[in-house]
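Work through the exercises below with the structure open beside you. Try each task before reading its solution.

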Amino acid sequence: MHHLAVSGRRYLLDCGMYQGRRKEARERNAHFPFAPATIDAVLVSHAHIDHTGNLPTLVKGGFTGPIYATPATVDLSKSMLADSAHIQEKDALFVAKRLSRRRKLGQADDLEVIEPLYSVEDAERTLGLFKEVTEHQVTEVGPGLTYTAYDAGHMLGSTALAMELQENGHRVRLAFSGDVGRPNLPIIRDPETMPPVDYLIMESTYGDRLHKDMGSAKDKLADAINRVSERGGKIIAPAFAVGRTQQLVLLLHELMLEHRIPGIPIFVDSPLAVNVTEAFRKHTELFDAETQAFVDNGHDPFGFKLLHYVREVSESKALNDLRGPALILSASGMAEAGRILHHLRNNIEDPRNMVLITGFQAENTLGRKIVDKQPEVAIFGEPVRLRAEVVKLNELSGHADQNELLMWMKPMVKTLKKVFLVHGEPQQAEALAKMIRTFYDLEVEIPQRGQSFDL
């Protein structure tokens, strides 16, 4: 979340939900460092919850201005924000029931009551404020301030934003990367070239590493499925409902058609993923050439015989009794909320099973603790032994790596006065800053939370 003050007006670039230690996350998400009613508009780069998830809290606090986003982002947000609110309400109820039961049994009272950040009604009010803006459309958001969105290649509808301020005969141009994708990601188009700007706010999620190519992801996925199938286990895959789930389903479909994996049942246990997949089907104009060809050949990228989409809670619970090889994809992607928590609690103590990590895991999240192979993790406040095999599939990352970020920003280098690196852990940001200074001889800032700059 970035706060922009221009000509007496205030704007936000994204308004994401902070994820990490639960107490710190609740505090950060519930309290803004400004009065929400003072914000005039929000410009959204894409629909992921770490970029949109706190919009309903902003609205709950008094924000009433427009929220600008691409049509695909608006369609995805309809499902995602409602789902976020629903999960918060359900998880709060679940913990409250468990706390009540433990107190009746006279057990230690170490569980905390949790309150939802916002309600389904708050999410619905937020959706009424969205204004659709197509890519490459110059949009005026305030006196002398315009912005244009370009495809960021990170997920369906994701954009990088180029803003321009004309004031007293002066022009200032600022680019905000949102999350930059990678060339050759499944389904979506490659990141677009940005126009010249004076300042750049850029993400640095993978600022100190290089990704392996996509081909190795498919091989690694096939190996994992074959290995677990042979020992009769289940694969539990925390997967972001938007983007990652659809990519995995497409790869699994291809592996099935190529007869490279056994015909095991595959479950997408996430009502959100089901709804989001419909949004993907609606926006085929954003597909890359390969996925479009897949569709043109009569295949449904997101549907095949052994694939089951699970909506009802009763169907989800029935998966606990499933025996034999199976693959369960479920949200949330960092295993912080939702149905994935129940699947992990029921399966990670069995060494025949596997937890397949398919995306970035933020510090202090359950997903990160599993990646770090901590011998014991807490799920719903109770300790569980991690005995399942853990496999990371980093190759599917939707974030550009160090080289890809350097190449993406290269067309802007001639006019850039300063680069601000955000959205990355300190080690990642520092490594990328060093490379930018070395290769492009540019001034780079790594802002601290609450720090401000005058452009």
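Predicted model: local features only at pLDDT ≥ 70, side-chain atom pairs only at ≥ 80, totals over all residues.

Residues are numbered from 1 along each chain as its sequence is written, and side-chain values use heavy atoms, with hydrogens and water left out.

**Exercise 1.** Describe how helix α13 (residues 402-409) and helix α14 (residues 426-440) cross.

Solution. Two packed helices are described by the angle between their axes and the distance between the axes. The axes of α13 and α14 come within 11 Å and cross at roughly 45°. α13 and α14 are therefore oblique to each other (angles under 35 degrees count as roughly parallel, over 145 as roughly antiparallel, 65 to 115 as roughly perpendicular and the rest as oblique). On the α13 side, the contact (heavy atoms within 4.5 Å) is made by Q402, L405, L406, M407 and M409, and on the α14 side by A431, L432, M435, I436, F439 and Y440. By class, this contact has 10 nonpolar residues, one polar and no charged.

**Exercise 2.** Which residues of helix α11 (residues 340-347) are buried?

Solution. Buried means under 20% relative accessible area, exposed over 50%, and partly exposed in between (1.4 Å probe, protein chains only). In α11 the buried residues are I340, L341, H343, L344 and N347. They cover an arc of only 165° around the axis, so they lie on the same side of α11.

Notes:
Axes fitted to C-alpha atoms, helices over the stretch in contact; angles between N-to-C directions. Helix = DSSP H or I, 4+ residues; strand = E, 2+ residues; numbered from the N terminus. Nonpolar A, V, L, I, M, F, W, Y, C, P; charged D, E, K, R; others polar. Arc of directions from axis to C-beta.
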